[in-house]
Amino acid sequence: MKLIKLVSIWNPKGGQGKSTLAINLAAASVELGLKPLVICQDPQGTSLLYYKSGNLPFEVIDSVPSHRPEADIVIFDHQASDWEVPANNLIVMPLKPARDQYATYIDAYRRAELLGKRIITVVTDGQEHRASEKQTMDYLKNKGAYAIAASGVFSRAASEYMTIFDPKMNKAYKIKERRMEINKILANILIENEEVKNND
Ligand SMILES: Nc1ncnc2c1ncn2[C@@H]1O[C@H](COP(=O)(O)OP(=O)(O)OP(=O)(O)O)[C@@H](O)[C@H]1O
Ligand SMILES: [Mg+2]
């Protein structure tokens, strides 16, 4: 039986980029010829809303399927205030580097670390010109975190319920850079060796 990669996108703090990352990682994996499935574990259903708009080249469902899905990678989009460390071994934790957002990430990270999870940290929407945010970003990047720069492409894509990989976004400002940032995170997710940690 073929292996299915399972990855949870998790941060109990709201609005950190979980749903954005979930659907864009899925879109990036379609570009690689893989078949992703997104499981929206949020009753607010941001990623499900995208799917219902009909613009996604992959499926989003609202609960864990009872049968083994036909997919290469299953991405779980968690809801805000979900403090339970996800069951999957691989957890991607997006966070915005503003000081008041950071504490929740640290707390949640420690819980996941205690359970021996493989954690990939992604700093989203960081404002380089704000000294405190830059400091947090630099600190986390030094520890192996990825970053997705603050960019208007995400709200633009969101306004039409698309991912940034949609061909309609091809001419958007610095789209190649943003896509590359997501591709790099996906490459790390797809590394088979579970011993490889990026956040130690
Ligand atoms: N790199 C980025 N640059 C600019 N805006 C971003 C970036 N990443 C995410 N955003 C924006 O941040 C907002 C919150 O993102 P998103 O809905 O993905 O967060 P979430 O963690 O899923 O929120 P919730 O906890 O409510 O489910 C959205 O408006 C999204 O477009
Ligand atoms: Mg969400």
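Tutor: A residue is near a molecule if one of its heavy atoms lies within 4 Å of it. This is a predicted model, where local features need pLDDT of at least 70 and side-chain atom pairs count only at pLDDT 80 or more, while totals for chains, interfaces and linings use all residues. Residues are numbered from 1 along each chain, ligands are numbered from 1 in the order written, and side-chain values use heavy atoms, without hydrogens and water.

Student: Which residues are the closest to ligand 1?
Tutor: They are Gln16, Lys18, Ser19, Thr20 and Lys96, out of 17 that surround ligand 1.

Student: What makes the pair between threonine 20 and ligand 1 a polar contact?
Tutor: A polar contact is a pair of N or O atoms within 3.5 Å. A polar side-chain atom of threonine 20 lies 2.5 Å from an oxygen atom of ligand 1, so the pair meets that cut-off. Backbone atoms take part too: a polar one of glycine 17 is 2.9 Å from a ligand oxygen, and one of serine 151 is 3.0 Å from a ligand nitrogen.

Student: How much of ligand 1 does the protein bury?
Tutor: The protein buries 79% of the 640 Å² that ligand 1 exposes when taken alone, by the Shrake-Rupley method with a 1.4 Å probe.

Student: Why does the radius of gyration of the protein chain agree with a compact globule?
Tutor: The rule is 2.2 Å times the number of residues to the power 0.38, over C-alpha atoms. For 200 residues that is near 16 Å, and the protein chain has 16 Å, so the two agree.

Methods. Polar contact = N/O pair within 3.5 Å; in protein donor to acceptor, adjacent residues only side chain to side chain.
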